[in-house]
Amino acid sequence: MGEEVKVFGYWASPYSYRAELALKLKGVSYEYINEDIFGNKSDLLLKYNPIHKKVPVLLHNGKPIVESLVILEYIEETWKQNPYLPQDPYDKATARFWIKFIDEKCFPTLWLAAWSPENEREKVTNEACEYLKTLESALNGKKFFGGETIGMVDIVASSVGYFIRVTQEIMGLNLLSADKFPQLFQWSEDFANCSIVKESLPPRDKLLPFVKGLIAKYQQDNAKA
Amino acid sequence: MSDEIILLDFWSSPFAMRVRIALAEKGIEYEAREEDLSNKSSLLLKMNPVHKQIPVLIHKGRPVCESLIIVQYIDEVWSHKSPLLPSHPYHRANARFWADFVDKKIYPIGKLVWGATGEVQEAAKKELIESMKVLEGELGDNPYFGGESFGFTDVALIPFYTWFYSLETCGDFSIIANCPNLVAWAKRCMQRESVSKSLPDQYKVYCFLMELKKKFEAK
């Protein structure tokens, strides 16, 4: 085929992870370039994503695609094997709805709950719990959001199911717990246990200290502001 | 047939305008129901329990929510006429990227330009002009964002043309002086019936936004 596929990412970024998991699910080989996003972003990254200057960037035959959700749609449309979005327009719209919900409400609020100062934490935590409850309802008794197999909603929900769970461990929070959200908790276990997911997730023992450092930084920056 | 499609609508919502434009481009007949956002209908609360917001497209009794998701749904269901998204995945990705840019930049920053005051407003104004220039750069010499045809990005952005008078008045700047090609693009879009019939008058929108601003300031 002679296709050139590259991912500019960051090993601990949940957004970057989405792009990689999607390519792995499709069985597409790619070259991974880890960007030093907290230090020095490469000239190539700034060239391929001049507007947002962020990872992930997917480079396909020299053409850049940016923004993780745009990348996921592109991968789905370009490589037709192992589809992760439903064919039916209504079901597709429903999947896209939950993806937007996770990306704009669920994940950011859960992250905020992890590092918010004490006086704001209760309010944010309550909001986060409401979002988790709503997200759980989207599972509706299925094993994965995509049904029997992982779909695009599951790929995006990895931010919550894995990255947030790791974050919670550090902060001693227990938001996504088995007793509060049994279905969602089970989903996060099943998801992380899929072989393709297991072998591609950033390892917990590396992620834990990294997230700890990141939270400390956020708290510090917030205290200064 | 027309009672198969219902749009839960609000006259000044740029997001609802996107859906009206898409439906008009496809020549789809539908029933528009104007919501009173201070007293939301039970239908709205039932059809969009998560966000309780308009627009909601109800097709054969099933709701589709979120304006850009609705526009894509319309494009996919009525695919035989006036395609809004291009066919090639790379161009589709580009269209989605710029629609997302409108949502991430133009909408929130624009809100601050007409809604905030002082330093916050000043900073927002600078950022808005910068963002509009970026959009102008992307437009280039093309008649529309997709190229020769009116498409997804145009649908995403043109409703914010109804904010131009408000932005210029509150921010005390001229959009045409900063972004003449963008204004030319907007006027070109307004020549399409699907757009001109879907967008309310800018001054009406200004009065509405100023009422909203007063309410927020009172709180």
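How many nonpolar, polar and charged residues does the lining of the second largest pocket have? The legends below, which describe a predicted model, take up this question and then turn to other parts of the structure.

**View 1. The second largest pocket and its lining, by class.** In this lining, 13 residues are nonpolar, four are polar and three are charged. The space in the second largest pocket amounts to about 420 Å³. Of the 20 residues that line this pocket, the closest to its centre are A:Phe97, A:Trp98, B:Asn48, B:Pro49 and B:Val50.

**View 2. Helices and a strand that line the second largest pocket.** Three elements each supply at least two residues of the lining: helix H4 (89–115) of chain A, helix H5 (118–139) of chain A, and strand E4 (62–65) of chain B. Which of the elements gives the largest share? That share, six residues, comes from H4(A).

**View 3. The largest cavity, in chain B.** The structure holds one cavity of 30 Å³ or more. The volume of the largest cavity is about 50 Å³. Its lining consists of B:Ile106, B:Met132, B:Leu157, B:Phe160, B:Tyr161, B:Phe164, B:Leu182 and B:Trp185. By class, these lining residues are eight nonpolar, no polar and no charged.

View 4. To the contact between them, domain 1 of chain B brings 14 residues and domain 2 of chain B brings 23 residues.

**View 5. The area buried between the domains of chain B.** About 1700 Å² is buried between domain 1 and domain 2 of chain B, and carbon and sulfur atoms give 71% of this area. Which residues of domain 1 of chain B lose the most area to domain 2 of chain B? They are B:Trp11, B:Arg18 and B:Ile21, which together account for 34% of what the domain 1 side buries.

**View 6. Residues 3–83 of chain A, a segment annotated in UniProt.** An unreviewed UniProt entry lists these residues of chain A as "domain: GST N-terminal". Over residues 3–83, chain A is 37% helix and 21% strand. The C-alpha atoms at the ends of this segment of chain A are 20 Å apart.

Methods. Residues numbered from 1 in each chain as written. Chains lettered and ligands numbered in written order. Predicted model: local features only at pLDDT ≥ 70, side-chain atom pairs only at ≥ 80, totals over all residues. Heavy atoms only, no water. 1 Å grid on protein atoms, 1.4 Å probe; cavity = no way out; pocket = protein on both sides within 12 Å on 5 of 7 lines; lining within 4 Å. Points joined across faces, edges and corners; volume = space filled by probe spheres on them. Nonpolar A, V, L, I, M, F, W, Y, C, P; charged D, E, K, R; others polar. UniProt positions renumbered as here; feature names shortened; annotations may be inferred. Helix = DSSP H or I, 4+ residues; strand = E, 2+ residues; numbered from the N terminus. Contact = heavy atoms within 4.5 Å. Buried area = accessible area lost by both parts, 1.4 Å probe.
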